[in-house]
Amino acid sequence: MNRYQEQPHLLDPHLEWMLNMILEVVRSETSPPSLVHLAFKFLYIICKVRGYKIFMQLLPHEVADVQPVLDLLSKQDPIDSETWETRYMLLLWLSMTCLIPFDLYRLDGHLESDSGKAREPTMDRILAIAKSYLLVSGSPRDAASVLVSKFMTRPDVILKCLGGFLDWSLTTISQTNDQSMRNIMVLDGALIPTDTIDVFYLFPAPAILQCLEQKHLPESSQAMLRKLGVKLIQRLGLTFLKPRLAIWRYQRGSRSLAANLSMSQSTAVATAATPEVETQDMEEDYDIPEEVETVIEQLLLGLKDKETIVRWSAAKGIGRVTGRLPKELADEVVGSVLDCFSFQETDNAWHGGCLALAELGRRGLLLPSRLTDVVPLIVKSLTYDEKRGACSVGSNVRDAACYVCWSFARAYEPKELEPFVTQIASSLVITAVFDRNVNCRRAASAAFQENVGRQGTFPHGIDILTAADYYAVGNLNNCYLNISVYIASFPEYTKAMIDHLITMKINHWDGVIRELSTKALHNLTPQAPDYMATTVLPQLLPTAVGFDLHGRHGAILACAEITHALYKLAVCLKNVKTFWVLITILPFCFRGFGGELMRPAMCCLIEKLSLSKMPFKNDPVISGWQWLIDDTIKSGPIKYSKFEKQIIYKSRLTQFVVVVSALSTLCEEYYQAELGKADSQMQGELDIISLFHYHQMLTRCGSALALGCLPGFMIQSKLKQVGLEDQMCTVSQKEGTFTESRRDAVRAIAQVCGKVVVCAHGSPDSALCSENVSEVYAALLHSMNDYTTDSRGDVGAWVREAAMTSLMEVTLLVASSAPEILPVKCMMRCLAQQAAEKIDRYRAHAGNVFLRLLHSTEPAVPHIPQQEELLSIFPVLNWNAPSQAFQYITQLLGLPQYQYHTLLGLTVSVGGITESTVHFSSQSLFDYLRGIQDASAALTPFGDTLLSIFRDNLRNDRVSIPFLKMLNQMLANSCFEIFTTQENHQFCLDLLDLCKEFRKAKDISKLRACISVFCGLIQFPGEVRKKVLSQLLMLLCHTFPVIRKTTASQMYEMLLTYDDVIDPEVLDDVMTLLSDANWLSDLATVRPQRNQLCDWLGVPRPQAVTKVTRYNPCQQIYVLVSPCWTELNPLSLSSAEPGPGFLITCDCD
């Protein structure tokens, strides 16, 4: 049913049959209570989606339904939280049955029950139920208020029960506090129909009003209580006034567009000007009770409430009460509402005032004579934005102001709003395009559309609506950069949009808005270049040198963008040199936290002025600009808290893009002595290379980015110095820090190489040649082995990705000019390794680079090992998908040149933790192994490669642990079954020797993986099997209890799988001992059981050597010789080298 929430009317054709079907279950006497409650729960779901006002009308409301519903409701427990839907629906049903057109006393018949006791009248029963549920929290209370509103409006109930009910309500209210005053809903429901039934003279309205004043509801902390208090106040106010429509109200005529199109204007106005109510003579004066003034004061106070629901209710109350007042008093109310639009008032008062004006206008109670006072306030409300701390408030005010404009479009004739069309249209366009809040932009667009359709006087309304419709204004960038340019092409809106950006947006608290505003000013400059040059730029100068940080930041960015735009238009700027110098040398711009904003802004200014070719060559200001760029790169967040540092790190990395762009344009414009030749003095003063030696990560990042952006003429004759420093940055910091700087340095290598000449026999200081190309490739290939990890994860992947990209760019560059100097062989192997690893993104990037180089024809990359075989293996595929990538990657294992690196990459994928990667990589690997497992000529080299990888990465946990997991899978899948036919195969012996190294490890995961491999090696015959059993038995007495337990469990499973490896006579005893012994006990308890297993399996018990303590009289150090196992060669103290002491390390229990 929730699918119909947005369009519940689609349920209307089906409501009746669904309701009847469910009510059959309710009415059936055989239905158990649980089924009845379930039926009512279904009814509530339908009612919730469609709305109770519509749904309750379908409930049966005949005379025969009154008693059953009343009896069923009497049986319910008001505080049962499991069946509240039942009570809710029964109360709604009872409220419908109360509408029967008969006196309720006729339903009572004889009031004596079967037991002889007097039966309670139906009217009293309903009233008692209503009272009881009005005092209970939850949704049934809402249904009870509906019941009261229906029940209390019956003529027979008014005469008999209304007075007593009101007395009970007032007594209950006076006896409760503002934390539990839920009885206000009772009065609200009782007073709702007073404007349609002429019984207000029966209500003790002054007494009710006095009771509410005593409770001080506006001061309550409960928003719902304040809202209900406002609703009650307005209902009471209506009881003091005659139920009539004000004859003086403004009437536009027919509000229906269809009626306006079908009837002539004169006929429509004549018909609407004489409604039946107003044909009566209702202009007689009558006294307004004093209580009305109190009511209006309370409603005006409600307009300033902190909760929107209270303000909205108060606004509607203002509209209803004002509609019954004489013209003079109504005008005073309007004046009081306008007082809410004072800048001394809060945003809540402005919002409530807008809602009230919209209600007054919609009801015709805001006369056209008041529009001269109202429209300027609404225009201010459309741009209301009050700063509060680090943000601002006012989006609700702007949204309500759009609602006012929407309501005015429907309320007034075009001639009434004609004097204000320009103001309203410009303000709505500005809000629709430049407001930060998407809801406000869409509300302004809707209001503009309503005015275009109803008024027809907005300039270029249809064209603007086409560009700025509901969906188009949803994207903020599109509004500022595209839609604003189109709308500004209409002269009626141009200057208003520019002025708004200058006065309201470039000093906005949100940096994104400030930046978008300056870009919008750049785009709007062609629409009014003279206005920008003569008015806007001088207006920005005081702000650019002011003390407001946000204003200064936005003004400098705006000056930069406008100047560049004027340069494109060839508009001459007069006397601007002094202006720019003043901005550049401001001393306080770059200190403290504000410097994080001002530095990139000034760099943006430098870039735009350089692009605008300002006449500053050889001017001292250039040195100041260069100092600013260098200082921005060098400065690091060392004086801030840890939280502030994290924020500044992120922003600074983004700011460096602006800084290096400014440096590049500055060099291009002012550092050339002649075309393509650098000014030697400026080239010598450029101090970027020395920044590589700084110990701050951000400084190194900035220097690397700066080097990469330098023009080619600035690198000439300094390539060797630049390249060496850059390469040093890529290979430095083995401890794992400075990852971002290594990434940027790797990128810079490719950028620097791309700006110099490639010549095989060129000078290494000015060209990429045979002497330095190997150094470049060495640095890049070294970066491809960066596997640094920290709290963020595998951050070394950033460096590897950058290295792969740089390798591709440098290789294609060299291949196009000097292919003979390319060292391609090692590069392709490393790319194959990366293409087989576990992270999808980087595997895909490596694969794409690999194929790009493999299939490149312009230029063709020479010297690729086994290129023909590679071309036959790889089609076009989706590298991100493990299911597609690994089936081709594993085919590289058949190529000797790529086998080692491909298997190294597959190791971390097969032994990883990502389920999909492990599944598809292991499946592809085993498919390949099944194809060669019977061919000793292919499997033996594969085994040697496997051992080489294991040997090279024994101390590398990133590879060794996944390797052990992969090896366990291989052994479990009998991939080396051909080696089991030969006793003591060399592969098995070497593998066992390497695995022994891990028995000393302290890592639980590594030990567990090693145990699994030992259990897999048991399948190989000969001495290997004895050595494996010996290793496992020693692990049964490992220091860690969990390892002892794991070893016993794995050995038990091993013997189940390979039951022929030990003597069948002792097999049952061994397995019983492995499964029953408590291997988590202490070593003294476990060791005899382990020794028993040694005896059964025919393995010598590990023998402990007597502990010897040797005393060193020189250094007073005792060195303990630990007990050795039996396979250790006997050592004696006499054979030890003389010295201060010695330590024998061995494998011990």
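Modeller: Tyrosine 486 has a relative accessible area of 35% and is therefore partly exposed, where buried means under 20% relative accessible area, exposed over 50%, and partly exposed the range in between (1.4 Å probe, protein chains only). Phenylalanine 490, by contrast, counts as buried because its relative accessibility is 11%. This is a predicted model, in which local features need pLDDT of at least 70 and side-chain atom pairs count only at pLDDT 80 or more, while totals for chains, interfaces and linings use all residues. Residues are numbered from 1 along each chain as its sequence is written, and side-chain values use heavy atoms, with hydrogens and water left out.

The whole structure holds 23 aromatic pairs; rings of Phe, Tyr and Trp (its six-membered ring) pair if their centres lie within 6.5 Å, and planes under 30 degrees apart count as stacked, over 60 as edge-to-face and the rest as tilted. Tyrosine 44 is buried because its relative accessible area is 18%, and tyrosine 88 is buried because its value is 11%. Tyrosine 486 and phenylalanine 490 also form an edge-to-face pair, with 5.4 Å from centre to centre and 85 degrees between the planes. Elsewhere, ring pairs join Phe341, Phe343, Trp350 and Tyr384 into a cluster.

Side chains of opposite charge can pair when their charged atoms come close. The count comes to 32 salt bridges, each being a side-chain nitrogen of Lys or Arg within 4 Å of a carboxyl oxygen of Asp or Glu. In one of them aspartate 65 meets arginine 27 at 3.3 Å, N to O; this pair also links distant parts of the chain, with aspartate 65 in the loop between helix 3 (52–55) and helix 4 (66–74) and arginine 27 in helix 1, 38 residues apart. Aspartate 65 is buried, since its relative accessible area is 9%, whereas arginine 27 is partly exposed because its value is 48%.

Aspartate 347 forms a salt bridge with arginine 388, and their closest N and O atoms are 3.2 Å apart. This pair connects helix 18 (residues 347–362), where aspartate 347 lies, to strand 1 (residues 386–388), which holds arginine 388, across 41 residues. Aspartate 347 counts as buried because its relative accessibility is 8%, and arginine 388 counts as partly exposed because its relative accessibility is 37%.

Aspartate 840 is partly exposed because its relative accessible area is 29%, while arginine 843 is buried because its value is 0%. Salt bridges that share partners also tie Asp331, Arg370 and Asp373 into one network.

As for the chain that carries these pairs, it has 54 helices and 8 strands, and 52% of its 1149 residues are buried. Among its contacts with a separation of 6 or more, 70% are between residues 24 or more positions apart, a contact meaning heavy atoms within 4.5 Å.

Confidence should be read alongside all this. The mean pLDDT (the predictor's confidence in each residue, from 0 to 100) is 82 for the chain, and 83% of its residues reach 70 or more. Over residues 185–201 the pLDDT is below 50, and beyond near neighbours in sequence this stretch has 39 contacts in the model. Residues 1108–1149 likewise stay under 50, with 61 contacts beyond four places in sequence. Where pLDDT is low, the predicted coordinates should not be read in detail.

How values were computed. Helices (H or I, at least four residues) and strands (E, at least two) are DSSP runs, numbered from the N terminus.
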